[in-house]
Amino acid sequence: MEDGFSSYSSLYDTSSLLQFCNDDSASAASSMEVTDRIASLEQRVQMQEDEIQLLKSALADVVRRLNLSEEQQALSSRRGPTKARPMIATLPLRPTVNNGTVLPKKGTLPSPSGSGSRKDTSTPANKRFGNLSLLRPSRILYLPLSTVRRANSNEHVGTLTRKDSGDSKGNRTRAGSTGSNSSGKRSDSKQRDPVFNAGMRRVTHCKDEGYVKMYLKGRPITMYMPKDQVDSYCLEARSDLPANKLKLDWVYGYRGRDCRSNLYLLPTGETVYFIASVVVLFNVDEQLQRHYTGHTDDIKCLAVHPDKITIATGQVAGTSSDGKVREGYMLAPHVRVWDSVSLNTLHVLGAGFFDRALVCLAFSKSNGGNTLCVVDDSNDHVLSVWDWQREDRLAEVKCSNESVFAADFHPTDSNVVVTCGKSHLYFWNLEKGMLVKKQGLFEKQEKPKFVLCVTFAENGDAITGDSSGNILVWGKGTNRISHVIQGAHEGSIFTLCMLRNGTLVSGGKDRRLISWDSSYQQIQTVEVPELFGPIRTVAEGRGETVLIGTTKNFVLQGSLDGEFMSITQGHTDELWGLAVHPSKPQFLTCGYDRQVCLWDSSSHQLIWSKNMEDAAQSAGFHPSGAVVAIGTQTGRWLVLDTDSKDLVTVHTDGNEQLSVMSFGPDGNFLAIGSHDNYIYIYAVAENGRKYSRVGKCSGHSSFITHLDWSVDSQYLVSNSGDYEILYWIPSVCKQVVSVETTRDIEWATHTCTLGFQVFGMWSDGSDGTDINAVCRSGDKSLLVTGDDFGKVHLFSYPCSQFRAPSHVYGGHSSHVTNVTFLHYDSYLVSTGGKDMSVMQWRIV
């Protein structure tokens, strides 16, 4: 071992570092110039960092040598005395650090050089190290404690990497957990089996004992295979793609809560709007949807060309709100121009030019719609004008440091653009490649805090609605007010729509829809029911009808006389709960908006919805389908009658969120997985209408994430937040630790994300939280997953081969929180978290 240390010390001359440390030339009292002192300090810091990196690498090598030494001692003690030989000869002929790149924490992107922190610099100290990859910062290895103590294992033991070296909880092992050694019958003299190193995902196969072990975040997860597969299983085998694929069939929901001017009627009779990263074209009469799926993240704005066929949509940058990079790279915000008949993308504009997101879009009217104005969500909210057919940017200008809510071309002058937002109204004139600004003058009129919307009268006047509830008319070609409708609404005016017959329609926070004649005299007022929420946008429909989008994510169809029909609706906050009816084409969703919704998957209609007191987290149907149990974030859970939505019973277990509500296949027990680390078991009687607590299963060291019942309802398997797999006899709330008892249990469902039959779905670099939900089809041929990157994956089942291939589908723009097959396996449903969407996929 001393030889090992001496080899490191010989590579690094510490005398120069000591000289730097004792040198006082960089202090405030030094006579050196400031720049020289800074350079000296930088060099000193660099050399200290290099020494720290060296020490860490040396420590990693020492731990590895100790581990191998203990293995050799254990082997020799069983084989009897052997001839002494130098320890260095027993080391494997491979680099000292294997696959030891430090992976960044979730939400960071490694640099192209492979370093998770900074680039290598060519200081004299670095040059002394030559080409030894051991000393590069990008090769530092952080070893979990479990690596050091795993000396008597018959698997090939190599080095591990971790995403978060500070997470010690995820490394704990527990007796009886398949995340640790629960067999106790291992022989160290057995043959070592194949090892796959894949950064975060390291997988080993022990054929003698019939298990596969993989590591998530440094924690070992042991998964025992059924006995009939022990002899035939091969880790190197490759599984096939599933023969089936998915096709997006229906999208439930609409984004009206925080988006504007995103609802239009096309000549085809289709209503066009968006949610998540999907543009929906919905023919209400025929009850058919088509979908444009060219975007990869949240769509924030939409514009329809004067030809009523070409559509432009703009999206945000391809990262989630916490900064997690999608698909391994930053996808810039951009505009997509596409054909609404063929759904083909015609042009992509501004990739690399726009910042953060696109907030406003509008086609010009007077020049055949040849130009497109765009406002992005950068600090300066840059306004740009494009010749979209040539993909050429004609002009750009910093619009405002404040929020911009609307932008539109003047209907008779394609060189004039009007923008409005917080504390401003600007008239822009395009002259010789420059956008020249004139500010709207409010003069005697009190300046509103927000100018929220703009439209144009037939004579070319601009009309604005603001947060004070006033409608202001601005004379054509001027920046002055020509007419005021004081107090047109109580509160903010969110939308203005000029109908073909010259009638102006306004809608706002007060839920009133008011029509005005050409002299701005009020014609009539109608109030939208409180259930639907404030009016976000209004669009002209067929004949005398109008389309209304609300802040509660409803799309209404109705008339100015006050008859409204909901044609689309959705949730208004993060969505997690999803349950499928056991015998009907129905499914239930619930979320943080305290809404429970039962949907018909055949008619795509809402059957009923119910308000709750608490935010909902999970749901599960009784096998009879007569009742459904809802788990909340507060520890309360309630049971509803499926037909009448009446409350059957209410109970409370703990005060933390209930992540799983799962009835046994025979309907006699209900298992509730809680964030307080317990599984609560209830006996169920009277077809799901009577509940009595049996007890709670205690053994997990972290919160419960998933549960599955055995076919005979005698056993329960659970996963937890620290990647444990535990087995239980729920009727007595006892843990089962015998591998021989659990390995051949037939499970009624497979929603647990950890297990031998599904481990192949974990991709390289996964940290154990990337996959939120998994579901096996009823015929046991398919496996579907929903992940943190907005993707739905379809695998073949069983998915028990390393790096199993899958079909991948986009549409969600947030983490996919839940997925499940409908009871007859022809469709599956996925829910988006913060995108609040529900998507129904047809299996083809």
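Over which residues does pLDDT stay under 50, and how many contacts beyond four places in sequence does the model have for them?

**View 1. Confidence along the predicted protein chain.** In this predicted model, pLDDT stays under 50 over residues 78-193, a stretch for which the model has 243 contacts beyond four places in sequence. Residues 320-330 likewise have a pLDDT below 50, and 25 contacts beyond near neighbours in sequence are found for this stretch in the model. The protein chain averages a pLDDT of 83, with 77% of the residues scoring at least 70. Where pLDDT is low, the predicted coordinates should not be read in detail.

**View 2. Strand S23, residues 462-466, and its burial.** Strand S23 is mostly covered, five of its five residues being buried. Ala462, Thr464 and Asp466 point one way from the strand, while Ile463 and Gly465 point the other way, and all are buried.

**View 3. The pairing of S22 with S23.** Strand S22, which spans residues 451-456, runs antiparallel to S23 and is joined to it by five bridges, with Val454 standing opposite Thr464 of S23. The two strands form a hairpin with five residues between them, in which Gly460 takes a positive phi near 95 degrees.

**View 4. The pairing of S23 with S24.** Four bridges connect S23 to the antiparallel strand S24, made up of residues 471-474, and Ala462 stands opposite Trp474 in S24. S23 and S24 also form a hairpin, here with four residues between the strands, and Gly469 in the turn has a positive phi of about 85 degrees.

Methods:
Residues are numbered from 1 along each chain as its sequence is written. This is a predicted model: local features need pLDDT of at least 70, side-chain atom pairs count only at pLDDT 80 or more; totals for chains, interfaces and linings use all residues. Side-chain values use heavy atoms; hydrogens and water are left out. pLDDT is the predictor's confidence in each residue, from 0 to 100. Contact means heavy atoms within 4.5 Å. Buried means under 20% relative accessible area, exposed over 50%, partly exposed in between (1.4 Å probe, protein chains only). Two strands pair if DSSP finds at least two bridges between them.
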